[in-house]
Amino acid sequence: MKTAIAFTLNRKACTVDVAATDRLIDVLRERLATTASKKACGIGRCGACMVLMNGLPTNACLLMMWQVDGAEIITSEGLVEDAEAAYVRQGLIEENAFQCGYCAPGFTVTLTALLSATKAPTEAEIRMALEGNLCRCTGYHSIVRGALRAVELKGQAAAASK
Amino acid sequence: MEVLHPTTIEEALWYSGDEETYFVAGGTLMQLDWVMGLRPARWLISLNRLPAMQGVEMVAGGIRIGPLTTLSMLERCPEIAGLPLLLAAVQVTASPAVRNRGTIGGNIAGRRGCLIPALLALDAQLEVARTGVRQRVSLFDWLQTAREPGCLVEAVFIPSPKPIARSTYRKIGYRAAFTPAVIDVAGLISVDAGRIVHCRLAVGGGVAAARLYEVEAKVAGQSLDDIDWSDIHGEIVEAIKAPTDYFRSGRYRRVAAANALVYGLGEVLPKLNELPKRRPHQRRPGLSDEIVLGRRASGKDWHVRPDAPAKVAGRLTYLTDVREKEMLVGRILRSPVPHARLIDIDTTQAEQLPGIVGVVTHRDIKGTNGFGIVVQDQPAMCLDKVRYIGDAVAAVAAIDQETAARALSLIKLTYEELPIVDDPERALSCGAEAVHAKGNLQCEIHFSRGNAAAAFAGAAHVVEATYVTPRQMHSFMETEGGYAFVDEDGTLNVCAGGQHGRRDQMQLSRLLGIPEERIRVVSSPTGGAFGGKDELTVQPALALLALKTGRPVRMQLERMESVVAGTKSSPMRIRMRTACDDQGRLLAQEVDLLADAGAYASLSPGVVETALEHACGPYEVPNVQTRARLAYTNNGTCGALRGFGCNQMSYALECQIDRLASACGPDSLEFRARNLRKPGTVGYLGQAVAPTERLKEMLDAAAADPIWDLPSGLSADGTEILGVGMGMNYQGNGLGTLPPDPGGGELRLAVDGVIEAAFGLDEIGQGLQAAIRNTVAREMGCGHADIRPVTGDTATSPESGSTTASRGTFVVWRVARDAGPALAAELVAIAARLLGRDPDSLTIAPGGVVERTSNSGDLLMTFADIAKSVSPQDLPRAATAFEFPKSDYFEGNARLIFAFGATLARVAVNRITGAVRVLDISQHTAAGPVLDHAAYLGQIEGASVQGVGFTLTEDALLNRGLYVTENFDFYVIPSVQDAPQSMSVFALESLDREDAFGPRGIGELGIGAITPAIANAVADATGRWPEQVPINPEWVLSHLAGVS
């Protein structure tokens, strides 16, 4: 049985006719062709599908569509207008944080939320925030360095605007 | 399944009532339960519209928590800060993102949540609602009753505890964070007037949630100072009921839980054997010419990789991301059993299903139905036999995923099950069921020299052990997938992540009976490979479906299918006997290796041969006797994985070295120094080897490493024992003397004025594009922006060989060196002609051509100007092709070029849980000039942590041919919290003057000696060498405890 689910996807209204228990990640990738969010485990263990749901990092593979009804979803594609995301991306790029890059959109979403919620997260806070994001290529240190660089860039921008 | 959205509790209760209904809050645990086999209920009753179900409030006598309060709300809630026991439990439950969805009510209702032990210890009560009835029951009593569909938890009430003297919560898991629970414990003690008024002890997580009432009763009433904690420990071990499963024994769960409770409440640690006496480390001077890698340290040599911005922004289209309107969705039907004779495959019903466009089986294969890089023993679609649970039997192409999945269920297989061969030793025993007609011994290799028996007889010291290694899964994040289509001129295009497009093309040609030139393979970009995409994966099914339907077909494996179908590293048992004289000089090495190939050979024969080639690693041993056997079984299927057998062998060898050193006197560094192979001598097999040997330098660098001076022995709080260990690292590059190993590439000016550097290599994450860009730009004298790497497409790039065996670095360097100056000269010649100047007066600069003597560097012509001035077919190009450098030994497979390293690790061994934590890793590497600093650093760091996983947590377990570890929940790769606190990477870049082989590849170097470094560090800490990895915490505990 299909049902109409309405939500905002990257600040645009979106309605899809789906089964209520279809997962958001499958709808994003199979129906809407928004493929920045990746599906690498399907059970909430790897964070490759991380999206912001009403501002909070959420595994899109654990979101059934009935839970998305009325929600505001931001995927990696939708981070373009986000100031925090710009620092995160710049920091990650400068540090060459990723290799194959398949986990990168998920990490970027998680780190953007962290930088929005915490003014200047420490390495310990960054590590804690990333406990749900798996990366196989890097050994994580480059990602943590990229996140710390993002914190630094954000701090520099704040100092410059004073 | 339908979802109901009641707005009052009474309405919610009215809907509920039978087994076909299920209350849902965040739904995170419920969805995992579905994966584990719980049958989804017909009606989901969402609680999200019920009023006042969320929030925490202080009420008379305690705290009242709404069941829909998410775990992340709890984490931030000031009222919970006063309940450290609960806060600790919340913080180790799932991941931050799952805590944003998961609720306290769901954690309780799932009956195995990690909060339950904490709540039991806090004596929590539940306010439960049934139609017309409200009731407060203790959580403990509620847990004793069966699930009751019509019963809703309305609130969790935590009574204000009596002043708590001591409390503890510990989750014992499989890794540092976001782990399933092995067992959770919680305990608290309240004291009044010197006497314990109550003690509450609870367990849960990996065991059924329970209070340990009998033990509590023994503690209550005593004075805190009078408690005999060792007695209590024994009582707790007896009281806990814990299951043994594939991962941990019940005994381990009970002992670790008792350790945790007794330490947490009594501050008493388990008894400890006498620790080994550590010899003071003699710090040696370091190497002055080693460089440190990193953004700051590398300075101008630190470049942003070409693909970084697109990857970080999520703009990079992987081959599994391509979506086109007419595309069909493919799925593969895999064998339902690990071993059977196939009698019939009936696809009639599936073909008739509306929305199904094509079904393929072995009947659609026009060529030879067998593939495999070494031997073609694996059918693309099974015909008369299935040999493992991932064997492909049929495939379908449908208009969408749902239809494809439904079609698979309509294919009828008739088969007769055969005995399952699930152990390599038994596979080779007399009378074992044959997995393949020619028998279960896939290959057997011998190599010996000298007289090992006589040498052992006369040796001063002999050590012997059997080392066991796991079935490691590559765990690339992008599962196997891609798309295929037949284009207008009839060419079959197969686009799926791979590691050697031209070999995939050849294998597909052989399977499909289509000439290679009619097949185009695109194999980049790929979301990680590590050897796991070296063999064909989904390409045959995609190709068959595209040919059959005439439409584009895409496919990506779900993780569980990837686990089942994909290759793993071959588990090995390596029996090793090693001898030295009384001066610590190695005399003899005996190796007997048995490896599990699984159902098909793939590259496993090469893996065991390479392992054997590294049987003496970088050491000189005059007498050698070695044997390796590879057995077919029905245990999944194995193949190449980063390290290719070297890492397994170096684990065994480097532990033997430390053991002999400890037996005969000198420290392990000195022992190694006495036995290192001498530069300029022949290789292990008697073959010629390349110059630039840097073993002594690596050993010197290891000796000088500051890691030796960091704290060791008992940690400040006594809960951990710290130790340092090392391993030498010595890994061959290239495929060796026996297989074909082609290299080559082409540099060309494109129509848009960019210099294309085309390689048949694949960007699998390693930084190929950066290496190409930097190296070609340097050899040509142009800028980075002038270069466009073109990789992984048989239509646009030439044969470069495989992206494996640490060989890409050499190929890139050699092409740049040979073709770069040639293309530069041609560009200069064209510019000179157009400008009417002497070519000798011009040279290449970033952006184009300049006057050689110009100080200003003004461009006389840009590359775009040059491109515009010649017709497209006359655009200059320079190509080169060669065989990867080979040695002169052909009786077996031998390498010519090696890279060198020394790896050090500092570990902490936990006395409570037996878990090993890697604190610091230091990697000294010597692999010639670094082509790209960031890529080099990334490869070594990433391989280090992949090696940590191999050593501490990873093993793809099977039971009777079926995978037990089906996903990233129980197949445990390191999380960010398992990465060491520090990793240092050093590179020694120099080459000998006469060295013509340039930079060495380092894709595998970083994983080579991680395991022995950790194992030797564990031995340094505890006195015992782990002979099985992943290191079992139960083994650790059993060797730590004992006589004090």
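Analyst: The buried residues of helix α25 in chain B are covered by a set of elements of chain B that includes β13 (290–292), α24 (668–675), β32 (720–732), β40 (898–910), β41 (916–926) and β44 (982–988). Helices (H or I, at least four residues) and strands (E, at least two) are DSSP runs numbered from the N terminus. A residue is buried if 20 or more other C-beta atoms, placed from the backbone, lie within 10 Å of its own; 12 or fewer make it exposed, and anything in between partly exposed.

This is a predicted model, in which local features need pLDDT of at least 70 and side-chain atom pairs count only at pLDDT 80 or more, while totals for chains, interfaces and linings use all residues. Residues are numbered from 1 along each chain as its sequence is written, with chains lettered from A and ligands numbered from 1 in the order in which they are written.

Helix α25(B) spans residues 695–703 and is mostly covered, with 7 of its 9 residues buried. The buried ones are L695(B), M698(B), L699(B), D700(B), A701(B), A702(B) and A703(B).

Two residues are in contact if their C-beta atoms, placed from the backbone, lie within 7 Å. Setting aside neighbours within four places in sequence, V907(B) is in contact with L722(B), G723(B), V916(B), R917(B), V918(B) and L919(B), and also with I1014(B), A1017(B), V1018(B) and A1021(B).

Chain B as a whole has 32 helices and 44 strands. Of its 1044 residues, 58% are buried. The C-alpha trace of chain B spans about 100 × 80 × 75 Å along its principal axes. When contacts in chain B are taken between residues at least 6 apart in sequence, 77% of them join residues at least 24 apart.

Chain A has 6 helices and 5 strands, in the order β-β-α-β-β-α-β-α-α-α-α from the N terminus. The C-alpha atoms of chain A fill a box of roughly 55 × 35 × 25 Å along the principal axes, and 64% of the 162 residues are buried. For contacts in chain A between residues at least 6 apart in sequence, the share joining residues at least 24 apart is 62%.

Within chain A, α4(A) brings F107(A), L111(A) and L115(A) against I143(A), A147(A), A150(A) and K154(A) of α6(A). That contact has 6 nonpolar, no polar and 1 charged residues. Here Ala, Val, Leu, Ile, Met, Phe, Trp, Tyr, Cys and Pro count as nonpolar, Asp, Glu, Lys and Arg as charged, and the others, Gly among them, as polar.

Where the chains meet, 56 residues of chain A are in contact with 62 residues of chain B. On the chain A side, two or more residues come from each of β4 (56–59), α2 (65–68), α3 (83–94), α4 (104–117), α5 (123–129) and α6 (141–160). By class, this side has 28 nonpolar, 18 polar and 10 charged residues.
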